[in-house]
Every structure is written in structure tokens, then in C-alpha cells.
Amino acid sequence: MIAVVIVAAAAIWLSAMVADDNGNGSPIRAQKNSSGTEDLFLYKSYPEYALGFSIEYYGTYKVLSLHDPWGRADEDYTYLLVQRGEEIPAGYSDAQVFFVPIEKSVTLSPIHLSQISQLDESRSVKGHNGVDLVYDEEIRRLAEEGAIEEIGSGTSSMGTMLNTELIIELEPDVVFCVANGNREYDSHYKLREAGLKPVVSAEWMENNPLGRAEWIKFIAYFYNREQKANDFFEGIKENYSAISAKTKTLDYQPRVFSGIDYQGTWYAPGGGSYVAMLFQDAGADYALSNDNERADSPIDVEVVYERAHDADYWINIGYNDDINALLALDPRYANFGAFKSGNIYHYNARVNAFGGNDYWQSGILRPDIVLKDLVSILHPELVPDHELYYYQHVGSPHGGAA
Amino acid sequence: MKLNGSWLREWFGKTTFGILLSLGILGALFLLDIMLGSVNIPLDALVSILTGGEVKETWATIFWVWRIPKAITAVFAGAALALSGLLMQTFFRNPLADPYILGISSGASVGVALVMLSSGFCGIGAVLAGLGLLGDVGISFAAMLGAFAVLLLILLISAKIQSNVTILVLGIMVSYISGAIVTILLQFSDESSMHTYSFWTFGSFSGVTWDQLPLLLFLLTAGFVVSFLLTKPLNALLLGEQYAASMGMDYKKVKNAIMVNTAVMAGVVTAFCGPIGFLGVAVPHFCRSLFVTADHRVLVPACVIVGGIIALATDIISHLPGTDIVLPLNAITALFGAPVVIWVIVRGTRFGRGVIT
């Protein structure tokens, strides 16, 4: 019996050593799998909530499949991630091949940087689109040292302008791009034409807050950082469910609405969106959840007023910073009950000098903190020690930061 | 009575009756516009809102705060766009001229872009905002400023230019320059400002509040009055500049009056409602065909009324009564308006009464 325990302890110790090795990015040759071939990937990581990707492990390589969120079959990609020094397997003629762990990357969205930074791989980033907008301090320091170059105009949709020549010069193993429903705005065709290896991520299309956070695994596959991604995500998941469990037994659910009106059309997250899910898990009754649209759906302002005029809270005010900005946009906002009572909250507590908002960066990875913020706003007694992190109160007439 | 359009033409041919009938339609559509909406307010509730009776407070608010200003704006904006389209078509003797041909709306969009996109990390907007020049001003004010800057430019240059074809080219060039400036601003702005800007370009009558309504009504009514005063010179212009001059018309004065009037009307509408396309170019043709005339004594009032009618109709459609959705106004004006205009014009040509410009 004692022998068994000793052997088990030794095994754990050994695997920990191996994990350290893995952490340094060198290939591991430790185990043989049942069919006798080598299995180089000791730690495996499978998506649990995210619907946009799936992975299969085969000894010396992994097959990462991207499922286009808009259902376009020709936009489903297969990425073949082959361990460095191993041969490229046959039978994947359509797949883009990457040798992992990758050493140099270029990122087009700040979300990628938050993910990479969480995986302790910030040093691999050589170029980024919109360095000024990055909130992460480590990344900013690297950029100031010149380790990360500005390779674009900062925006990541219609107006993306990339300095392709500079990207080519940086010789990245991967360029992380953001999926866009419109091919015209998708940079990855251009990049592929230039002989680069773009990889498209689509965390923003997931309708579950945990699903969005889980895309850290997608990035981790390229760095062989599955273990770190798993540990991180399990922690987030536990925190999240612990907080949402507290709100399940409440008798009272305050009514919440969201979004803003622009010239008579109200842009709000639909009932099937991750925002609606966050509200629900935070113990709120989302007044605009009638329709099951997942993205922002344009609703007539009349309808919003009828459904939400007596709602208790107005959470998320679009592109506005505070109550003054709202009034400047349209004084008719003052007709809403939540406006009169000043119960307006927005996720702009962490914004840098250039307008880069951490809610859209580390916030994507930390739905547990976002949820805790919301619970703290709606049911402060449930999380008495929590101080708002991404959110702040913006409902007082003279600047919301107070 | 045959349903092939000729009966319609006969009726409308009797101008007074036609004008009265279209006034009636305008009134009916106005009522329809305030009755119909995404929120279903029953008729008896509407009656008690109007008579001050007991009614759900939400409904009263929706009615007074949103629907009424929207409907009034639609009538006046539609009329102003149609009128300025008419003025431009006659002035340039070009059937494709529209209220924006002088570059007015492009100027307005530069103003709006400067305000909206200045929050980004681009230099120009940030510098202006920093100087307090364009930082805190409202979107409508910025748009008007941009429109009048363009007008001033056009007036300055046109004072030295005889031919109005040159002015036409000038206007188009100004549009290109403005477009270029907006593109550069967009390039350096963040996503959120880009979105806000694109919402503005969708066009809408719903953005006008009670506070803004008096200014809008005052400026547009002034534009209507000036247009009525211009009917005689406009009729003379139809026969050519030289003929008009030989009739004793002060061409330069008339030219400037037409341009300023158009710029004020188009600029104000763009400022408050965004760049609403199509109406301005189509309604004048529609009126010429419907009333079978090129006489501005008929066309000016006709454009005011029919412009209002089309604007109200498109507003009703864009709000898709009974649903929660709103469609962009600019999509509706063209999508539903164009086939109607094509129908009217094609019928017109078959009877040998094509578009007269």
C-alpha cells in the first residue's frame, strides 16, 4: 500500500517537472499512448462552453477547427498545430500548418493580448494593432521598451489599416485576427496573400460569458499552454458559479435595462446575448429580453420606454461616459425612472488615456469579476466586501467618477 | 373609371382640387403617423391623451415626447427636401440635381464627423476639441456650421463665375473633398465613434426634441416663404438665363437667393435628421407628373405637401407598426419611394408628358 502511495507521489512529482519543461516551450517526450506512438501533449484542453472551436489531439500534432459563427462553410478553418521538430502529417491539405509552441506573434485585437498575457507569453508578441489602446501594464511597458511595434491604425473593424510590410518584417509565426461577418473588413485574406499566417478568433460572437472567456484555450493551443489555460479557466468557472449560485435564491429581482437610443432607435443586447445572461446570473430581471436576438438588436425607442420606464437600473450606456453625455445626446432620456433615481452604471471604470477600455480586454477573460460587479450593484448584501472593478456609478449629474 | 392612372391625372390636373386632395392625404397620414407605432396605443386612449383624460402615463409620454415631434419633423423635413430639390433642378436645369448637389450635406457631414470622431486618438478632432472649438457643441450645430461653411465657399466662388454648370461641378468637387476629410477622420477614430457616425448617416426624424423643434420650424418656414416668393423668377429660368434676364430679372440676385435658400433648408434638415437621400430628387418629378405642369406656382406648394406626404409614409413604414424593429429611414425612402416614382414617370412618358425640367 505504501509502495503504491510512493509511486503515485513520484508520478505526480515527475509530471510537475515535465510541466515545467513544457512551460519553457521545449518538446516533451515522456509518454507513449496506447497505440504505441508518442503523445507529446500531456495536458489537453477541450472547450466546454465556447462553441466557436474544437480540438483533437494526435500524439505529435493537434487539429484545431474554427467554426464560423455566421455559418459560412468556406470560413470554417482548420489549423494544424505540429510540435516543433516533428513531421507534418499527411491528409490535411486544406489546413494551415503551424509549428508549436509558436515563438513570435502579431495581434490585431487587445483581447488577444489579455489572453497571451494571462498565459505568460507576452514576450512573444512582436507587433500589435493599436498599442495605445492596450490597458495591460506589462504589455504597455513592453511597447514602451520597443519590444512590441505598432502595426496598424488601432481599429479592428471597418477601417482597419495594417502596415503589412512591417508585419512581414517582424516574421511572426502567427497573426491573430478577429473574425468579422463581412469579408471586406476581415484582414486575414490580405495577410494570407502577403504570405503571413493569420489565425481568426471569434470570442466576441459567443453568447455565454464563460464561453467568451474560454477562448483563452484557443490561444493556448498555439503556445502549448493548455495547463495554464485550464487552471485559469477552472478558477474563473468556479468563481462565476459561486457568485451566480448566491443569486438563485433571491425573492426580489430588480428590473434592469441596457443600451442607448440613437435618433429613435434603441440599440440593446438581445435576450439571448451574453449580457442578458450576465444580468440573469446577477439576479436581475432584464426588461429587454423579449426577443432572442443575440447581438445588439435595434428596437423602437417607444417599445423600450414602455418596457423599461419603471426599471430600477440602467446598466451599460453604450458609447457614452456619463449622465451628462446622455443628456447631450437626447434630453428625453430623463423620462426614464432609472435616470431620475440616478441608478445608472457603466463599464468604464478602467479606461486609459487613449480610450482603451479594460472591460473589453481583461474583462472578456474575467466574467467572474464582471458578474461580481453586477451583483454588487444589484444586491450589495451578497458581496459585501467587493469594490466595483470594471463598472462605476455614472448616474450623478456632475461626472460619474465620484 | 379606369384604374390605369389617367383618372388620377385628370383629377390632379384640376390643380386646386389636387392640392386640396393632397392636403387631405397629408393630414390623414399625419394622424396615422401619430396613431401607429411599435407600441400599440388604442384609439380611445389617444383620444383621452388629446382631450386630457385619464390614460396610462407611459402612453402619454410616448405620444407627446416621441411621436408628435417626430411627425411634425417629418412633415417639415420632407417638404424642405422636396422644395430644395425642385429649386436645384430648375436652377441647374438638370433632372438629377438634388438638395445636396451644392455639397451642403457633405459640409454638414464634415461638421458632424469632426464632433463625433474627435474622441478618437486622431490629431485633428482632438486638437479642435482641445481648443474648445468643436468639443462641446451639439451635433446639429456642427452640421449647420459645416453646411454654411460650404455655402459661403460656393457663394464666394460663384460670384466670379458666370455659368451655373461650373457651380454644379464645384458643388460635386466640394462633396469629394468633404468625403475625403470624413474618410480620414473615420480612419483614425475608434470603433464606437465610427458606429455613432454611421447611425447618423442612416437618417431619422425621431432625433428632434421639443427644444429643437422651434428653431427647425422657424428656419424651414422661412425657406418655404422665400421659395414661394421665388416662383416667378423660377418660371422665367425654365426658359433660360438669357430669356429671364431679358424679362428684367436680376439674375445674380435670384441665383444667390436660390442657393442660400436651398442651403438653409437642406442644411437644417441634414443637421437635425441626418443626410436623408432620395426624397429631394424624386418628389419634384413626382409632382410634375402628378400635376402635369412645370409651373412653379403649382410645383412649390405641391412639393411642400407631397414632400410631407412621402416623408410621413416612409416614417410609418420604417417603424414597422406592431413590431419592435426600426429600419433605417434612408433604406425605406429609396426602397419604397423609387418604384412609386418610376411608375408615375413611366406613365407620364407614355402619354407624352415626360419629366419636364
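The legends below describe close-up views of a predicted model.

**View 1. Helices H9 and H14 of chain A pack at an angle.** H9(A) spans residues 274–281, and H14(A) spans residues 367–378. Their axes come within 9 Å and cross at roughly 55°. H9(A) is therefore oblique to H14(A). The crossing of H9(A) past H14(A) is right-handed. Two packed helices are described by the angle between their axes and the distance between the axes.

**View 2. Side by side, H9(A) and H14(A) meet through named residues.** H9(A) brings A:Leu278, A:Phe279 and A:Asp281. H14(A) answers with A:Val370, A:Leu371 and A:Leu374. By class, this contact has five nonpolar residues and one charged residue.

**View 3. An open sheet of five strands in chain A.** The strand order is S9-S8-S7-S10-S11. Pairing is parallel. S9(A), residues 149–150, and S11(A), residues 198–201, are the edge strands. Each of these two pairs on one side only.

**View 4. The S8–S9 pairing in chain A.** S8(A) covers residues 125–128. Two bridges join S8(A) to S9(A), and the two strands run parallel. A:Gly127 stands opposite A:Glu149 of S9(A).

**View 5. The loop residue A:Asn182.** This residue lies between strand S10 (174–178) and helix H5 (188–193) of chain A. Is A:Asn182 buried or exposed? A:Asn182 has 9 other C-beta atoms within 10 Å, so it is exposed; the cut-off for that class is 12 or fewer. A:Trp70 sits 112 residues away from A:Asn182 along the chain. Even so, the C-alpha atoms of A:Asn182 and A:Trp70 are separated by 9.7 Å.

**View 6. Chain B against chain A.** In this interface, 31 residues of chain B are in contact with 30 residues of chain A. Which helices of chain B each supply at least two residues to the side that touches chain A? They are H4 (57–92), H8 (164–187) and H9 (191–202) of chain B. By class, the chain B side has eleven nonpolar, 15 polar and five charged residues.

**View 7. The fold of chain B.** Chain B has 16 helices and zero strands. Of its 357 residues, 49% count as buried. Take the contacts in chain B between residues at least 6 apart in sequence: 78% join residues at least 24 apart.

Definitions and conventions
Residues numbered from 1 in each chain as written. Chains lettered and ligands numbered in written order. Predicted model: local features only at pLDDT ≥ 70, side-chain atom pairs only at ≥ 80, totals over all residues. Axes fitted to C-alpha atoms, helices over the stretch in contact; angles between N-to-C directions. Helix = DSSP H or I, 4+ residues; strand = E, 2+ residues; numbered from the N terminus. Parallel < 35°, antiparallel > 145°, perpendicular 65-115°, else oblique. Left-handed = near helix turned anticlockwise from the far one by under 90°. Contact = placed C-beta atoms within 7 Å. Nonpolar A, V, L, I, M, F, W, Y, C, P; charged D, E, K, R; others polar. Buried ≥ 20, exposed ≤ 12 C-beta atoms within 10 Å, placed from the backbone. Pairing = 2+ DSSP bridges.
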